[in-house]
Amino acid sequence: MSALANHAFAKMNGIGNEIVVVDLRDSNAGSKAAVTPEDARAVASPAGVPYDQLMVLQPPRLPGTEAFIRIYNNDGSEAGACGNGMRCVVRRLFEKTGQTAVTFETRAGLLNCWRGPAPDLYTVDMGAPKFGWQDIPLAEEFRDTRYIELQVGPIDAPVLHSPSVVSMGNPHAIFWVDDVNAYDLERFGPLLENHPIFPERANITLAHIVDRDHITIRTWERGVGLTKACGSAACATAVAAARLKRANRSVEITLPGGKLAIEWRERDGHVLMTGTADFEYEGRFDPALFANVA
């Protein structure tokens, strides 16, 4: 039987990004790779607790960290980073323990988190972005990843073209447009996510630079689909815009679900994301969800 059967969970959201938080640190199964892709898909089923990301806290592997966090998309694939999900984890932990700062380990590395400038705001240090074509990764070499040769539509009149690409612990492609709502992202998103240029697939974002302090985005999230919010996409967009000198290093990003403050810190190159995290309800997973999970 799955380690999640009858286990407690918290349903939360980060500016519309639907998040489920499960704490396995005190579970006998917590130290093992107990949650499988099949488990994650079962939770996301209509009979379960549909989500964008499932955040699973396992016992810490490194001194000074609170937990090792595995992050699952609703198709069962694992993500290296999820900024909105991290804020939800942080709020949950801070409310239980009274802590105001904490460090987690993820597949993308160590993430420092702390209470933001207001009681309902939480900041996640998402680490330093990566720009090398092999680090993103891309399937072929591009010396300058501020723009790459990729387009949708006819060669002489492409619908979308020349995205910026960057890794925030997961691959992102950002297409610069005048109106993020003028494109059928639900149609183009799956094609671009699975384009051969992205061997690990990619998050696909449409971005409009309102001014040097404000950017609007919509994102097709790898392994999830069209989403109201993607924190790592907001970070990637802010960094890509600054690299192109089209925006400042501190910007407000507007997503369909709300707003995030993003700072690409100059002294160490780390990206700081600040925003809210909302608690919805608590529950326990029905063991019947996992009856057919091998």
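Residues are numbered from 1 along each chain as its sequence is written. Because the model is predicted, local features need pLDDT of at least 70 and side-chain atom pairs count only at pLDDT 80 or more, while totals for chains, interfaces and linings use all residues.

A pocket here is an open set of points on a 1 Å grid over the protein atoms alone, where a 1.4 Å probe fits, with protein on both sides within 12 Å along at least five of seven lines; lining residues have an atom within 4 Å of a point. A volume is the space filled by probe spheres set on the points, which are joined across faces, edges and corners.

Let's start with the largest pocket, at about 380 Å³. Of its 24 lining residues, A108, S167, M168, G169 and N170 are the closest to the centre. Domain 1 (7–124 + 278–290) and domain 2 (133–269) both contribute to the lining, so this pocket lies between them; the domain bounds come from an automatic or database assignment. β7 (109–115) and β5 (78–79) each supply at least two lining residues, and β7 gives the largest share, three. Strands are DSSP runs of E, at least two residues, and helices runs of H or I, at least four, numbered from the N terminus.

Next comes the second largest pocket, with about 210 Å³ of space. V21, V22, D23, R92 and K96 are the closest to its centre among 13 lining residues. β1 (8–14), β2 (17–23) and α2 (83–97) each give two or more residues to this lining, and the largest share, four, is from α2.

Technical notes: Heavy atoms only, no water.
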